Protein chains: 2
Amino acid sequence: MSSKFYSKENLRFLLHEVFPMKDLCSTKLYSEHTVENFDMILEAADSLATQHLRPILQEMDRNPPYLENGKIKVHPKMRSLMKTFGEDGWISMSASREFGGQELPFTILQATAFIMAAANYDVMAYPFLTNGAAHLIESFATKELQQTFIPKMYAGEWQGTMALTEPQAGSSLSDIVTSATPTAEGHYLIKGQKIFISCGDHDGCDNIVHLMLARVQGALAGTKGISLFIVPQHRPDANGNLYPNDVSTAGLFHKMGYHGAPIAHLIMGERNNCHGYLVGELHRGLSYMFQMMNEARIGVGLQATSIATAAYYNSLDYANVRLQGRKLSDKDPLKPQIPIIEHADVKRLLLFQKAIVEGSLALCLQACRYYDLWMSSEGEEKENNFLLLELLTPVAKSYPAEMSILSTSAGLQCFGGYGFTKDYMAELFFRETRIHTLHEGTTAIHGMDLLGRKVMGNHGKATMLLVQEVMRDIEVAQKSEQLKPYANVLSKKLLKLQEVTMHLMGLAQSGGAEVFLSDASLYLELFGILCTAWQWLKQGIATAQLRQNSQREYSPEFLESKWLALQFFYEYELPKAEGLFIRLKSSNHITVNARAEEIL
Amino acid sequence: MSSKFYSKENLRFLLHEVFPMKDLCSTKLYSEHTVENFDMILEAADSLATQHLRPILQEMDRNPPYLENGKIKVHPKMRSLMKTFGEDGWISMSASREFGGQELPFTILQATAFIMAAANYDVMAYPFLTNGAAHLIESFATKELQQTFIPKMYAGEWQGTMALTEPQAGSSLSDIVTSATPTAEGHYLIKGQKIFISCGDHDGCDNIVHLMLARVQGALAGTKGISLFIVPQHRPDANGNLYPNDVSTAGLFHKMGYHGAPIAHLIMGERNNCHGYLVGELHRGLSYMFQMMNEARIGVGLQATSIATAAYYNSLDYANVRLQGRKLSDKDPLKPQIPIIEHADVKRLLLFQKAIVEGSLALCLQACRYYDLWMSSEGEEKENNFLLLELLTPVAKSYPAEMSILSTSAGLQCFGGYGFTKDYMAELFFRETRIHTLHEGTTAIHGMDLLGRKVMGNHGKATMLLVQEVMRDIEVAQKSEQLKPYANVLSKKLLKLQEVTMHLMGLAQSGGAEVFLSDASLYLELFGILCTAWQWLKQGIATAQLRQNSQREYSPEFLESKWLALQFFYEYELPKAEGLFIRLKSSNHITVNARAEEIL
């Protein structure tokens, strides 16, 4: 059986045809890059993923990290892998040249993360978390702090983390109580606890650098009183020697998957000796942190897609070789059994996965595209790209995260009884991906962010811009005989979405915030379905063009396969919008009116 | 936190008000039973489940069975539990009085299984598999075989199993190759392999009795050449001494959940000394086996519901005590945080679970009801009840099995980040329930069974009977002001289902079996949604009556809770039928037309 875990051809198709990277290279910001260079980087990521990441996936699953004498021990290969990620420039690829980075577009950073996560999601977490943390320091910290921390992080010697969550304040960042007390020496003394810190402690590196939210005494209550600090596990002196910084590992979470990466419970300042270094201005911590959070959110969508992609190819391989049963039209038991891929329902399970993973991947890359266009454009265009990025972020995070649960489940189903066993990896992917609707904001949080903030903000300007984007593609597609029916269906659904949005805006006026946002998760689901249908239309347009040009870069099977998955999405997935339209326009607000004591 | 794992009040409501057991007691067959006796049995099941089954659930999950010197070792408590199940009459409760049984209705048997599985699904498997196997022997084997095997099985000393699946023939029973060679002594020599045998070997009993499908030389190919045999792990002599019967345990499947019960790979006849005893007539094995399979299928639906029920109460408990965030209408960070059950989206996740688990439980009990009515009625009525049972079996198996994945996932989601960790049991239920769409026939198999066999059989008589049943309840509900809107919605959907069915029947004519059955899994899903909506209407009728009678048996909160869940199902779940209607009436048969090599 092959060990394919993603489609190189599809990634090429997306980055060359649907979101042509060459366009970016013609902007001033990315003018020093070439598409050939991007391709080489992705090729190198593929080699690393194939040779070093995928081979230890199952081993990592079977041997989760453990806590020994207050230190978390991870897979022995992690130390050399971190070194590779550092030395070969994977951690610093999007960093500024000042710090030895390559200033690569966000899309290329995320595409390499996609490849690595498809091979081994757990290993990918270490370098890409470090990248995000270092990027935050680059953006907002003083030169001195930058010089102290960034080179070691990009070298893969020090791990970076994102330390937000506290036991009493999960999704509610308002309620963070970790305190930071100023000292005469300029640093702050940190005291408090953080939980769910991915890579928050491990023996694959020399130090851990936490980007941590805390509250300085006297600050306003709520999110407006939160500041951002660098809190290292060890403090370096001028000569680079490391001394403990009173950050201790109180616990290691045992979890249902994602065994290769530790999630820690940390305690700071038990001996009143935990130094933290303020990043940027006081009380503006959350706005800084949003840089890392928003990047991470798109990353989560993409990583959920990675795992679903790996599960898809795993089940596709199996479906092609596993013999079972016969065609319904010829059930003669004397004839040999056929590969299960010949059964319509198995094809349904496979095409469902393909429609989801390739649709989700396009959706996430669309968000990356807006990120890069935002960075590389100016004036009104820059502002518009930022609004589009902001609008799409909760969708690109949550739709792939939610659908990855169903997609990996469909992958598992292809294996029949074997899917439930550890004989194959189907069950691993199903366990692994379940984290993605939880971390970096639960789906409920993103639903409220989308409907309450992004759709409504700026008098609905972002939504208007997005509708214009979709309509532009619909108009292109309407010119193709083959695509026209799909373009028309999407156009109608888009109108219905606008109706629903107007209806909900009315509710915001009449019923208040509770009623308005009560089904925000369903609105997010609907938005996700329509955006993914749009992404399939875009892929359809690119496919039709390639077919017309009778090019040779893509195989005819590849193009036919795209066409099948597009049809599948419009035939099987898009109709799900109908049920959501009905619900979202209902006037029975059960979940607002139900009293807690009546749910039993 | 409470450790409630199901609702006693709800089970009482279903068995007293919706499917009144007292009706059964007035039939001749069950005339010796009383409702009070049923209640006492369920109370005893509750005690056993609470005191002995639930306390070892997590322990069993953490310590899965292992293979040592060719023998599978299970939790040390299993031996005493098997004894309890035997001595206290749990295994034999539905058995004939001749074998010390109580001849209890199928509904009561399944209701006790529901309670025990909600406490600990894994432990429940051992006695109820034994019950099914012994019942099969009771129904079709000779007196001599009955006397040899049944008493030990009902006593909990010997485990019963169902041995169908072979490595080369998963869902395709036609392709079974395990052979049975007749001998002059009357027994057969069995040779072959079986996989996925639940409780196929373990040290919690003295012997294992496999009810095994095999093929006698010269038999027809396909399912018409399959016979049923009793194949014990050990052969008893006249004095009850046990001698190895050449059945060896070749392997133990490692799996993602269901850790408390072993699934074995068995090899028979390596030393040409494996005796098998024919049950009933030659070549009629599969038809006999269907007795056990059909009972087990309803059981699977119910057990999937058990796990989802346990996950629901687990998350409900948490939602009531976990403080997080504030009302959207009053976000003052100086005010204390509120229990998460106060958030609309958490209420949505909880009511979704409640609507699914109580809807599924009613659906399964409806199937049990038809079983008992079939057993206790005569003539045309008997025939009709059998048709209804047959029609509902794939639905009662698959809808709860599929929905349990989503329902346990919603339970997990209520815990936020903690849901992914082993700090709570949410992840255990999510892993555990994933087996139910796979064993006892995958969802695809049941889809084809429903649409291809049950709906179409007897010129659609079963469907007609079911529509009559539903219409009768719709008419009753239309008389209530409160229920009328729901009755009307269901009535419309029922018409649409009939339209879809007609459309598919047309396809069977024009497009052949492949096209006709290509979306049978979706048809099954649609059928499941409508049947569950029907079950909610029935529960609504009973609730409305109880409210009118101002009775005191059920708390006002319980009745309000029922009303909430009914509304939830009709507002959030029933609209999903719309997308399925659209898809099922489409003329684009992608999954039939797609060639395997174009799926990549």
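**Where the chains meet**

Tutor: Of the interface residues of chain A, 100% are also interface residues in chain B, so the copies meet through the same surface. This is a predicted model, with an ipTM of 0.97 and a pTM of 0.97. In chain A the average pLDDT is 96, and 100% of the residues score at least 70.

Begin with the count of residues. Chain A gives 83 residues to the contact and chain B gives 84 residues. On the side of chain A that touches chain B, the elements that give two or more residues are helices of chain A. They are H8 (285–321), H9 (344–376), H10 (379–414), H11 (426–432), H14 (484–517), H16 (556–573), H17 (576–584) and H18 (590–593). The largest share comes from H16(A), which supplies nine residues. By class, this side of chain A divides into 32 nonpolar, 30 polar and 21 charged residues.

Next comes the arrangement of the two copies.

Chain A is assigned domain 1 (8–153), domain 2 (158–283) and domain 3 (289–590). The centres of domain 2 of chain A and domain 3 of chain A, taken over C-alpha atoms, are separated by 35 Å. Between these two domains of chain A, nine residues of domain 2 are in contact with nine residues of domain 3. The side of domain 2 of chain A that touches domain 3 of chain A has seven nonpolar residues, two polar residues and no charged residues.

Strand E3 of chain B covers residues 158–163 and is mostly covered, with six of its six residues buried. From E3(B), B:Trp158, B:Gly160 and B:Met162 point one way, while B:Gln159, B:Thr161 and B:Ala163 point the other way. The residues on both faces are buried. E3(B) pairs in the parallel sense with strand E6 (residues 207–216) of chain B, over six bridges. Within this pairing, B:Gln159 stands opposite B:Ile208 in E6(B).

Notes: Residues numbered from 1 in each chain as written. Chains lettered and ligands numbered in written order. Predicted model: local features only at pLDDT ≥ 70, side-chain atom pairs only at ≥ 80, totals over all residues. Buried ≥ 20, exposed ≤ 12 C-beta atoms within 10 Å, placed from the backbone. Helix = DSSP H or I, 4+ residues; strand = E, 2+ residues; numbered from the N terminus. Pairing = 2+ DSSP bridges. Domains from an automatic or database assignment. Contact = placed C-beta atoms within 7 Å. Nonpolar A, V, L, I, M, F, W, Y, C, P; charged D, E, K, R; others polar. pLDDT = per-residue confidence, 0-100.
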